[in-house]
Amino acid sequence: MGSKLSLLRPNRRAFMAGSASALAMPAILHATRAYAAEPVIRIGHVSPRTGPLAGFAEADDYVLEAINAKFAGGLENNGKRWAVEIISKDSQSNPNRAAEVASELILDDEVDIIVAASTPDTVNPVSDQAEANEVPCITTDCPWQPYFFGRGGVPGQGFASTYHFFWGLEDVIAAFLDLWGKAGVSKTVGGLFPNDADGNAWGDAELGFPKPLAAAGYTLVDPGRYQPLTDDFSAQISAFRDANCEIVTGNMIPPDFATFWAQSAQQGFAPKVVTIGKALLFPSVIESLGARGDGLSSEIWWSPDHPFASSLTGVSARELAEGYAAATGRPWTQPIGFKHALFEVVADVIARTADLEDSQAIIAAIADTQLSTIVGEVNWSKGPINNVTKTPLVAGQWQRNGEAFDLKITANASYPDIPLTGEMKLL
Amino acid sequence: MDWLNAIVQGCLLGGLYALFAAGLSLIFGVMRLVNIAHGDLIVLAAYLGLTVTGALGLHPLMSLLIVIPAMALIGYVLQRGILNRTIGDDLLAPLLVTFGLSVILQNGLLEVFSADPQKMNAGALETASIPVGGITLGVLPVLMFLTAVGVIAGLQWMFYHTALGRAFRATSDNQAIAQLMGLNRAHVFGLAMALALAVTGIAGVFLGIRTSFDPSIGGGRLIFGFEAVIIGGLGNLWGTLLGGIILGVSQAVGAQINPGWQLLAGHIAFLVLLAVRPKGLFPRMDG
């Protein structure tokens, strides 16, 4: 027994000494870095470049190219010029992989700020890693409820180092109700909510669609949660048809919506308004539906018609969207604006931070942000809940314009500053 | 009427599952190969169809004239070039190789076609329907069901009435003796894979007309194919059709009770059948 202890003790001491110096190492390195000719601030960026969520990240190269060009000369902080290095990593649309690359960025690349975008599957694991390592983190492109409650956030308490800007479920509901109010159809709504994080949040009896819809005088026909990648929607279609639903809403992935929409036609169900979250965001999806894509409606987070401009490069929303279309030959998508805005906030935070060596100072600068970005105002003092701030959300309809489809903003009651660009037409 | 509708729509869905499964069933029946990449090969066929319709302006169904031979060629080359080298006493090697193939296919398609959901536009066929005694049947699902029956009948006839079918059966029964009798095992396996992928080509084009697809959805379709094959009995083609229908009907009936039960009902039907008849409904004779 005694000999075992004597064997253990020196080992533990050596270990403690070693690990203490290892722990101190980054601090020592940090301290010396500022004396270099030009100090470097590293930004880690996680996004789903490949896999099912790749559509959200397709504009990464275009956005990062403009940002890197802008950052090439470095950024000014307290009269000193800092070189900026952006290290981008692919989450492969997989939450485990997102956590892994976030931890690589934090521990191996020693980034000073970490940013991430696109759905809870990317944003949440990255934020959790950042929170655990006390690294400043800014995220976007995920409704705030799955971000906040999905990470076990406590209202009033929030998180220490992680901040998020986007809209929430209440905004989608308000925008959809505004849209339907203008359509003038009977108030019976069919709901298609999948059994995934988004679908369960949207269909939730307390926090989701049912209560506000009932309050606004709508009857919601909700047959229940279906499994994503279902091949058959006959049960839902017959339930909606029996209840004479003139509106169909929900939160679906594109293949499920395409199946539902084709089967509706085959089985003689013809609603007058179809407003679906998530599935109808991208022009490529609407184009793939052909003539059946005309008149579908969706939430709009960002569009070329939004009256905002970049605080970083000065380009307007329209210039950014058209620049992307010209550079790639592909139609603009809504995440482009948010990806750009993410780096606007980063640049603003770097410029304002009292001491870039100190992560607490960076976090304080993030919390104090008051910035007009290309997606609207980002100001965490105005958020609905700790660590969250909201950007405007409106709703609109895809309308055929010759061969192409245009997303017309047809409902803007919550944010009248964003101009209407079309009138709602019935299907 | 809703229940009758659910059962009829479920039967039609079963046709789709049988189309997904026919290729798997064939490959397993002839060479005892479990092809994990089957779902991704279906998606590959859908993309081939999309490319052909886009380039030549053909109707998606006409694109089958090019997709089927192209997939068959891919199948033959794939089998002789890669899979034949892995087939032996060890079941694990081909399993791992097809798993790798699945990863390569998904990411290759993502690189070439991007993650955009795509769909083949078949015009009026997609939305056309025929009313039958109070139930409305989509023309496309009916066409798919009939195609599935036709494909299975064709494969069955080929298996039992042609020299090629005899070669397949002989190789399946005993590879060594078939080889002694002058059959080139490598070539027979290549032909079996070519035939299986030709069927996959049909499944892929129908999938692409029916709904939108992207490079990542193949894996999700694989499980229904496997279940249909196992319910019907490994290697039995008519059994595969029946397996698909059982799966489709139980899903549709489950969904009628509650949409949350849709896929669960299919899986439960599968498990119950597996418990009652571990070898499936119509197991192939062995030995």
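Me: How many residues of chain B are in contact with chain A?

Reply: In this predicted model, 39 residues of chain B are in contact with 35 residues of chain A.

Me: Which elements of chain B give two or more residues to the side that touches chain A?

Reply: They are α1, α4, β2, α5, α10 and α11 of chain B. The largest share, six residues, comes from α1(B). By residue type, this side of chain B divides into 14 nonpolar, 19 polar and six charged residues.

Me: How is one of these helices, α4(B), to be read, and what span does α4(B) reach from its first C-alpha to its last?

Reply: One may compare the span with the expected value. With 22 residues, α4(B) reaches 31 Å, close to the 32 Å expected at 1.5 Å a residue.

Me: Which residues of α4(B) are buried?

Reply: The buried residues are P94(B), T98(B), S102(B), Q106(B) and L109(B). Because they cover an arc of only 120° around the axis, they lie on the same side of α4(B). Their cover includes α2, α3 and α9 of chain B.

Me: Which residues are exposed on the other side of α4(B)?

Reply: L92(B), V103(B), I104(B) and E111(B) are exposed there. After the helix comes S114(B), whose phi is positive, near 65°.

Me: Turning to chain A, how many helices and strands does it have?

Reply: Chain A has 14 helices and 16 strands. Its radius of gyration is 24 Å, close to the 22 Å that the globule rule gives for 427 residues, so chain A is as compact as a globular protein of that length. Buried residues make up 54% of chain A.

Key: Residues are numbered from 1 along each chain as its sequence is written. Chains are lettered from A and ligands numbered from 1 in the order in which they are written. This is a predicted model: local features need pLDDT of at least 70, side-chain atom pairs count only at pLDDT 80 or more; totals for chains, interfaces and linings use all residues. Helices (H or I, at least four residues) and strands (E, at least two) are DSSP runs, numbered from the N terminus. The radius of gyration is taken over C-alpha atoms; the globule rule is 2.2 Å times the number of residues to the power 0.38. A residue is buried if 20 or more other C-beta atoms lie within 10 Å of its own, exposed if 12 or fewer, and partly exposed in between; C-beta atoms are placed from the backbone. Two residues are in contact if their C-beta atoms, placed from the backbone, lie within 7 Å. Ala, Val, Leu, Ile, Met, Phe, Trp, Tyr, Cys and Pro count as nonpolar, Asp, Glu, Lys and Arg as charged, and the others, Gly among them, as polar. The expected span of a helix is 1.5 Å times one less than its number of residues. The arc is that of the directions from the helix axis to the C-beta atoms.
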